[in-house]
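Dear colleague,

Please find below the structure for your review. I would be grateful if you could read the notes that accompany it alongside the coordinates.

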Amino acid sequence: LPHWPLAEARVRHIGEPVALVVAGTLAEARDAAERIAVDYRPLPAVTAARDALAEGAPQLWDDAPGNLCVDEQFGDPEAIAALFAQAAHVVRGRFHNGRIVNCQMEPRSVIGSTGEDGLTVIAGSQGVMRHVAGLREIMDLPEDGVRVVCPDVGGGFGPRSFVYPEIVAVAWAARRLARPVAWTSDRSEAFQSDFQGRDLVLDAGIALDADGRILALDVDLLGNVGAHTVAFVPMANASRILTTVYDIPDVALRVRGVLTNTVPTAPYRGAGRPEATYALERLIDMAARRGGFDRIDVRRRNLIRRDQLPYRNAMGLNYDSGDFLGNFDHALGLAGWTDAATRREAAQARGRQLGIGVANYVESPVGDPRERIELTVNADGTVDLVTGTQSTGQGHETSFAQVAADMLQVPFESIRLRGGDSRVVSMGGGTHSDRSMRIAGTLILETAAKVVAQGRAACGRLWDVPEADVAYHDGLFRNPLGNQALSLFELAAALDPDTDETLAAATDFIGRIPAHPTGCAVCEVEIDPETGTVEITRYSTVDDVGRAVNPMIIDGQVHGGIAQGVGEALGERVVHDLDSGQLLTGSFLDYALTRADMLPSFTVALREDPTQGNPLGIKGGGEAGITPAAAAITNAVVDALAPFGVEHIEIPATPERVWRALRGKDA
């Protein structure tokens, strides 16, 4: 379906741009915008995916058959129904991961300008080459007709991977006026127009035998894609990872995507993996309580064992590594699970309800299949490292440089990371989906090996010895016939650039490098029965990201992911008026972003179980914190509420919902 930079004939969601005003100053532009008269005729609106499927629901697109844009069936529903009929225990539930606003540190902005070398666009993004490709196609530009520059960006989290309407509008205006044009979103605009996350509903059922072994899953996944079909990635990711770390042999899954009068949804940190984890971990807790099983025992009974690896899950993913039971036990130990009963009694003495919850997870990172690494050794003692995978706060300047320095055996300080400019970068998929170190690290290793091979060949010619006999150790090439030695940088200075002999190499990659980061999180909460307020008192997590290049950076990534998961579990949600489609959570006054005082000090631990899928053994750590967070937190909240007969609570578990649940009212 077409997604125009400015709405044509019909506005399909609050915040969709309808006009472009260009002026000399911001004040003039705002004054001019207020003079625009739009002849609006209110139309029926639908904001919830299930409502959009109902008979008589308003249809968003006249030339589309209803609001259903994706409908796929996996597995054999009849066979699953037979397994459920024979099962000793069957539990079903509805699990809605509500809509999330992508609140980056800095709002979106773009500058467009033209010159002798064509169109230049400066915009925050997660990868300039994806924006280059989009702008070239949209504006029908030649291959070298657009340059995209992305300086440091204060957060990405998925939605900044895409070309937004405002980028196209500003670029068009710059070409039309032949002068620079700039636009910056304010927070109110961001709440109405930035692509949003989550909004998946999983109607899920689990069947167990009399011993607590999981026999099958039956899932109906409904995704709210918004008014425009920007991405189906969250639905696809949730589908692939549906059984997570458990040995579940059979699955029936129906996946549907629905158009609604809301901002389009896009991948948001985890992109489907937290949603699937949340549904399954809640189902396991519910099944354990109903069936009289211990929550820990039923998980141990169903975790994929080491001797089952490599393991192919019911949706076709292949896990080549992962100590799922070891991660589980390690996390329980860190969290002091066995002593929770003592802490529960102490909390009750203080008039508070304590709960503890656990969630296992595994990821299925994929991401854009294109990447390129370029390495150039300079005579001034520096190495230029060019990558199409740019940082939005993940510390690539450190971790990429570590790998390059180790492979080339040169000082860390000599590595200069370059990127974020399509004049420098010629190919790259950007930063998302845990792809950065897994793919870029592999290419850095291969490219560094090429540079060292070039150096051996050059030394062989200089010293008139076979290049295979030239040794390279501690950054020095050594002549096997004497005491001659040259450092990598001395060799670069000795080479004659007029003969095109340099120490420079590049490696292109198009494909996939699968990996499956995994781990376990344990959350402990205390609830004030008088107010319904939930306080997270302990949070422990064990994460296997494969080989950890920089553990401190990974810890930081885990902390940030947990904070986002806490927001989703306890406060963050986008709310619309059901009749008009009007956004009711349009600012930070209405939208409960996570605050520092909502978070305890985290206990984090890494367990390295390298994958065999790439030479560095890297799996990825960018989504480790967020994937199990909502599940672990909600399991803890429900555990605290269980004495009051509460089996489940909708997220976010706001104080009002908890207060109502404590009093037996509809949560």
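This is a predicted model: local features need pLDDT of at least 70, side-chain atom pairs count only at pLDDT 80 or more; totals for chains, interfaces and linings use all residues.

I begin with helix H13, which comprises residues 436-463. After H13 comes Asp464, which has a positive phi, near 55 degrees.

The sheet that H13 lies across is made of strands S16, S17 and S18. These 3 strands form an open, antiparallel sheet in the order S16-S17-S18. Strands S16 (471-473) and S18 (485-487) are its edges, each pairing on one side only. From one strand to the next, the twist averages 25 degrees. S16 and S17 (residues 476-478) run antiparallel and are joined by 3 bridges; His473 has Leu476 in S17 as its bridge partner. Helix H13 runs at about 40 degrees to S17.

The structure contains 6 cavities of 30 Å³ or more, and the largest cavity holds about 100 Å³ of space. Its lining consists of 14 residues, with His3, His13, Pro17, Pro165 and Ser193 lying nearest the centre. By type, the lining of this largest cavity divides into 7 nonpolar, 5 polar and 2 charged residues.

Yours sincerely

Key
Residues are numbered from 1 along each chain as its sequence is written. Side-chain values use heavy atoms; hydrogens and water are left out. Helices (H or I, at least four residues) and strands (E, at least two) are DSSP runs, numbered from the N terminus. The expected span of a helix is 1.5 Å times one less than its number of residues. On a 1 Å grid over the protein atoms alone, a cavity is a set of points where a 1.4 Å probe fits but cannot get out, and a pocket is an open set with protein on both sides within 12 Å along at least five of seven lines; lining residues have an atom within 4 Å of a point. Grid points are joined across faces, edges and corners, and a volume is the space filled by probe spheres set on the points. Ala, Val, Leu, Ile, Met, Phe, Trp, Tyr, Cys and Pro count as nonpolar, Asp, Glu, Lys and Arg as charged, and the others, Gly among them, as polar. Two strands pair if DSSP finds at least two bridges between them. Axes are lines fitted to C-alpha atoms, for helices over the stretch in contact, and angles run from 0 to 180 degrees between N-to-C directions. Contact means heavy atoms within 4.5 Å.
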